[in-house]
Amino acid sequence: MRTVKLLARSATVAGFLLVMAPRIASANHLSGGENDQMGLYGGIALVVGFAGLLGLLGLVPARLRAAGRRWGKWLLAAGVVILAGGGYHVARLGSVEQALGGDAYGRMATQQIFGTLAVFGLFSGVAYWLSKRTGVLDMGEKVKYIIMDNGDPAERTASRTDRPGEHRLMLIPFAAMGVLALSLTSGVLYVVLHLAANPSHVPGPDEHQYHNHGQMPMPAGTP
Amino acid sequence: MLSKAEGSSSRNFYYAAVTWMAIGMSFGLFAATLLLFPDLVKGLPILDYFTFGRVRPVHTNLVMFGWLSGAYFATLFYMVPRLLGTKLWSERLGNFTMIWHSVLMTAYAVALLSGFNTGREYAEQPWPLKWATVVMFGLVGVNVLMTFATRKEKELYVTAWYMLGAVVTTPIVYIVGNQFLMPANPITGVNDAVANWFYGHNILGYWFTPVGVGAVYYLLPKMIGKPIFSHRLSMIGFWVIFFVYGPTGAHHLVNGPVPYWLQTVAIAFSVTLIIPVWTVLVNFYGTLSGKWGTVKESVPLKFLVSAMVFYFITCFQGPMQALRSVSAITHFTVWVVGHAHLALLGTFSFIMFASIYYALPRLIGKDIWSPALMDWHFWMSLIGFTLFFVSLTIGGLVQGTWWAENQSNLFIQSVIAMKPYNWTRLIGGIMILSGQVLFIYNIYKTARAGKAFQLEIGTTVKA
């Protein structure tokens, strides 16, 4: 329990520092023209951190439970480190834009982020407090058995037991998810990299002029 | 018609929903046909009302509100009382809501085909119909909330949480996102777009997702005879979804003229949505552990497993396309159309097919007439939808590349390049609709000629 509390405090402090420390960097991230690397870091951090949290809470299959308890806190800490380190890295990358942005705009944007976080933090806090007070959070795992005995008859298939080897059927949806996710990612990466490698296709200034400002020459007689 | 019989409103809503599904999907197929034959209705007097610009919103509105929402109302009326150990507060009110719903959907179709369109995505209805829509959600809300108020079961199963959350938040999302139901449009310009997408995305997050996910948590234990893997995990998912979904709508406006901080917040929260998805998937697979063989023998379970695969992909694709560099290519392309169908058809409609196959026999006391037709329904829907989704996704990337490379210089080339994808989309659409025709026929025959519903051999249940 002490470890969990310590981790929770550390995560809070790290999160606070992350938002506070690279203030100008955050501003640059918000002021336009930034890259998407923070999304990448955030995504990896979320995956790693959440896996750790599940392990720590014992919410993994039985055979992984011991490993989950042992490694969970480290995965969670790794998630926080990736998030904080990623934020720092992106902040460094944003230093070019810093010159173009301006501190005042940056502070304004940071305050807006804080405003949003404050509203959501407050909302979550009130909900948590209410849930605590009403005892909802103390409803243990026994709640899940309500469904088994609510008078609504189960399907005939419910009493069927697995035959040897049938557990391998689970690989089909896993494979489907993997193939689809991989295809989506590689498709998008291919297009992004293809466009980046072919700058000749990027429209010239004349084309921009027509598209952006409506200065395309109009036919004679057009009002 | 305004029967007081137990389960009548749920049953009638299921019948109405599948009818609206057939009509709504037919409009979708017709719209897909128009993309290949744009002059199909040219010069034909009555068909002037069936141009793409009019047909498309009829399709989206009828499948979202006629089919899916209708099926959701039926599912709420079926599952909520059974979870709370009581009866639905008012079957008569439920049946009245069903009639209101069908009249409203007819009005949607007539108004949109006549050209009355506010020009806002998923909110195209004229303002009097928006009021009528809120009344519809209000009537359902009163019935569900009063059922909660009179419940005998004090502890709430996760499905009850999800459904309660959906019923409470949806009218708020709808009213805020629809110009506060005012005819004078008090929100204008960029703010209008922000409010529109607050609604456009959150109708998915606060209505379609919670009821769909809640239904999965109900159906899965019933199909495999085993409680869910973790109640605590399911509750983490529930609370995260309701806290995180709110600001994600602005990711539809990434790279647009809305404040950058708003875009960034939307992107960050979109990525965080991965957490509730994990909770649902971990619970789903954890619950199915040791019972995978059941999938071979249960069509509703096949629908659920497919829905979970598509749910994962929806929530993988969503945060990805919220990123600025990806959005720069995919925005406005058919990729987004594929994504929307992935959620509403591949995930939530599949869950509703499973719900109907599960609930209807219990409501009318008759077994599904033809298990073979159920199987056909599943495979035609799955293969048709996969074709449909893959063609739109690849087509979207091709379209986006053409636009990025050539801007409008060679725009017509991008239209020509889309032809094979539009054909595949049409073929997929024909397969999907054909599957639904078999489904409706099976439902019709079940109601008319189905055998008495049996739990185990020799045990029958009366409606």
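Predicted model: local features only at pLDDT ≥ 70, side-chain atom pairs only at ≥ 80, totals over all residues.
**Entry 1: chain A**

I started with the secondary structure of chain A. I found eight helices and zero strands. Along the sequence the pattern reads α-α-α-α-α-α-α-α. I then looked up burial. Of the 223 residues of chain A, 22% count as buried. For contacts in chain A with a separation of 6 or more, I noted that 72% come from residues 24 or more positions apart.

**Entry 2: chain B**

I took the box along the principal axes: the C-alpha atoms of chain B fill roughly 70 × 45 × 45 Å. In chain B, 58% of the 463 residues count as buried. Among contacts between residues at least 6 apart in sequence, 83% join residues at least 24 apart.

**Entry 3: where the chains meet**

How many residues of chain A are in contact with chain B? I have 61 residues of chain A in contact with 71 residues of chain B. On the chain A side, α2 (23-30), α3 (37-57), α6 (103-134), α7 (171-197) and α8 (205-213) each supply at least two residues. The most comes from α7(A), with 12 residues. I sorted this side of chain A by class and wrote down 32 nonpolar, 18 polar and 11 charged residues.

**Entry 4: the largest nonpolar core**

Next I looked up the largest nonpolar core, which holds 176 residues. Ala17(B), Leu62(B), Leu76(B), Met163(B) and Leu304(B) touch the most other members. Helix α6 (residues 189-224) of chain B gives the most to this core, with 21 residues. I followed up on Ala17(B). Leaving out residues up to four places away in sequence, Ala17(B) touches Trp67(B), Gly70(B), Ala71(B) and Ala74(B).

**Entry 5: helix α2 of chain B**

That took me to α2(B). Is α2(B) mostly covered or mostly open? Mostly covered: 30 of its 33 residues are buried.

**Entry 6: Gly85(B), just after the helix**

I moved one step past the end of α2(B). Gly85(B) takes a positive phi of about 65° there. This glycine lies in the loop between α2 and α3 (91-113) of chain B. Why does Gly85(B) count as partly exposed? I counted 13 C-beta neighbours inside 10 Å, and that puts Gly85(B) in the partly exposed class.

Which residues does Gly85(B) touch, beyond those up to four places away in sequence? I listed Arg151(B), Lys152(B) and Glu153(B) in chain B, and Asn150(A) in chain A. I took the distance for one of these pairs. Gly85(B) and Lys152(B) are 67 residues apart in sequence, yet 5.3 Å apart in space, C-alpha to C-alpha.

How values were computed. Residues numbered from 1 in each chain as written. Chains lettered and ligands numbered in written order. Buried ≥ 20, exposed ≤ 12 C-beta atoms within 10 Å, placed from the backbone. Helix = DSSP H or I, 4+ residues; strand = E, 2+ residues; numbered from the N terminus. Contact = placed C-beta atoms within 7 Å. Nonpolar A, V, L, I, M, F, W, Y, C, P; charged D, E, K, R; others polar. Core = buried A, V, L, I, M, F, W, Y, C linked by C-beta atoms within 7 Å.
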